[in-house]
Each structure stands twice: as C-alpha cells, then as structure tokens.
Amino acid sequence: MPSSPLNDVVTVVGSAYYQPIADLVQNLLRKKPGGPFPGGSGVRENGYAVSIIVLLVAMLESFTSRLRFVRNSELVAGGRSTPDLLAEYFPELPTKEDLVEVFLLRNVVVHNHIWHLDVSNYEAELRTISTPQDLGFQTNKHYADIVDVLTRRTLKLSLNVNPMAVDRRDVLTVFQVVWKTLEFMNNVDFGHTPLAGRTVGFFQKYRQFDELINELERDISSGNAP
C-alpha cells in the first residue's frame with residue numbers, strides 16, 4: 001500500500017510577533033517620555049523600549065530557527081550565536097557587525113546587567129562607580145570590543161548598555177537592523193524566510209509591520225525622544 005501523505009507542522013512563532021510589537025510601539029508613542037531621569041530614561045519609556053527590543057530579537061531568532069530547519073544539511077549549528085550562525089549562512093549579510101551589538105543589548109536587558117552609578121549630579125554627568133564586569137556579570141564575548149564604558153554605549157550603533165537608559169532611539173535602531181536582516185534573508189529565499197502576513201492594527205488603522213519604523217523615525221524627529 002502507498003504510504004499516507006505526511007501531515008506535519010514546523011513550530012515557528014515568527015510572524016506572530018508582529019501585532020504584539022505593534023501594540024507596544026503604539027503605547028510607547030502615545031505619550032512623550034518626560035525624561036531623562038537619574039540613571040535612566042524613566043519607567044514608562046524604558047519599560048516599553050526594552051520589551052519591544054526583546055520581542056524584535058526574539059522574532060529574528062524565530063525566523064533563524066526556521067532557516068536552520070530548512071538548511072539543516074548545510075552545517076552543524078552547534079552552540080553558535082544567532083549573529084554567528086547568520087554570518088555562516090549568508091557571507092554577504094550587510095548587518096553582521098550591527099547584529100553583534102543588537103544581541104549584546106538584548107543580553108544586557110534580559111540578564112539586567114547592573115551599573116552602579118553616582119546620580120548626585122545627573123544633569124551634568126553620571127559617574128560610574130562599578131561596571132557590570134566589576135560586579136562579576138558574565139558579559140558577552142564581544143563586550144570589551146564594542147562597548148565604550150565611559151559613555152555606556154556601543155561603539156558603532158550607540159546603543160545604551162545601561163538597561164535603565166534604553167529608550168525609543170534604541171528601539172528604532174534595533175528595529176532597523178532586525179528588519180534589514182529579515183528583508184535580506186527574505187530576498188535570498190522567500191521560501192526559507194517568508195515575511196508574509198505583515199498587516200497589523202496600529203492607531204485604529206491597518207499598516208504594514210515595517211511601516212512602524214517610519215512612525216518611530218517621525219516621532220523622534222518631532223522631538224519626542226528623551
């Protein structure tokens with residue numbers, strides 16, 4: 001007897017992140033941030049910003065997992081980080097260096113790397129008492145090469161590495177890098193990285209998910225960034 005056709009599913013979240021991210025961006029843009037504040041960008045600004053960044057990176061990791069599945073025979077992924085793995089799959093990937101900084105920021109946020117800061121004169125300059133490395137945190141392997149400890153930012157993209165200081169400017173930068181990466185993957189092979197179903201509800205209208213980048217740019221250029 002002929003075998004029955006296989007009914008299967010590949011368990012990739014991927015595009016399910018679009019609307020939750022859109023909801024968070026909408027809430028982030030509803031009000032001006034009202035900062036900066038001692039040591040950070042303020043609870044509301046910071047909370048939405050870090051949440052969006054974590055989900056943006058999770059979305060990219062989800063599509064990367066799908067890529068690993070369909071291209072599994074090409075290499076053994078092993079313990080490679082997502083930036084390293086994508087660089088293996090795509091030698092011409094235009095966001096290689098940017099992804100290293102984006103994933104460092106994600107790790108900083110998720111693991112809450114602590115900075116001990118003197119905020120007694122924060123309007124002039126915050127003074128670092130102890131860095132995460134001083135405090136024994138296991139930092140990213142690239143940390144020393146891409147973080148300016150004096151400014152508490154990454155060297156290329158100027159992303160905040162003090163988790164409390166992360167704001168909508170960081171969201172915009174991460175969104176741009178993640179989407180540029182996904183678009184590159186999609187253009188190489190739509191079947192491997194399908195970016196279909198990108199329509200989201202945003203301020204009572206239907207928009208394409210990547211149009212939210214323009215909304216963030218417009219908001220920041222209007223002077224609403226911290």
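**View 1. Helix α4 and the residue after it.** Asn-112 follows helix α4 and has a positive phi, near 45 degrees. The model shown here, as in every view, is predicted. Helix α4 covers residues 96-110, which makes 15 residues. From first C-alpha to last, α4 reaches 21 Å. That is close to the 21 Å expected at 1.5 Å a residue.

View 2. Helix α4 is mostly covered, with eleven of its 15 residues buried. Helix α6 runs over residues 168-188, and Arg-168 lies in it. Is Arg-168 buried or exposed? Arg-168 counts as buried because its relative accessibility is 0%. Look next at the polar atoms of its side chain. One lies 3.2 Å from the backbone oxygen of Leu-28. The backbone oxygen of Lys-31 also lies 3.2 Å from a polar atom of the Arg-168 side chain.

**View 3. Asn-160 in a loop.** Asn-160 sits in the loop between β4 and α6. Its relative accessibility is 6%, so Asn-160 counts as buried. Which side chain makes a polar contact with the side chain of Asn-160? The partner is Asp-170, at 2.9 Å. A polar atom of the Asn-160 side chain also lies 3.2 Å from the backbone oxygen of Ala-165. Now set aside the neighbours within four places in sequence. Asn-160 is then in contact with Leu-105, Arg-152, Arg-153, Ala-165, Val-166, Asp-167 and Asp-170.

View 4. Strand β5 spans residues 199-202, and strand β6 spans residues 205-208. In which sense do they pair, parallel or antiparallel? The pairing is antiparallel, over four bridges. Val-200 stands opposite Arg-207 in β6. Two residues lie between the strands of this hairpin. Phe-203 takes a positive phi there, near 50 degrees.

Terms used: Residues numbered from 1 in each chain as written. Predicted model: local features only at pLDDT ≥ 70, side-chain atom pairs only at ≥ 80, totals over all residues. Heavy atoms only, no water. Pairing = 2+ DSSP bridges. Buried < 20%, exposed > 50% of the residue type's maximum accessible area, 1.4 Å probe, protein only. Polar contact = N/O pair within 3.5 Å; in protein donor to acceptor, adjacent residues only side chain to side chain. Expected span 1.5 Å × (residues − 1). Contact = heavy atoms within 4.5 Å.
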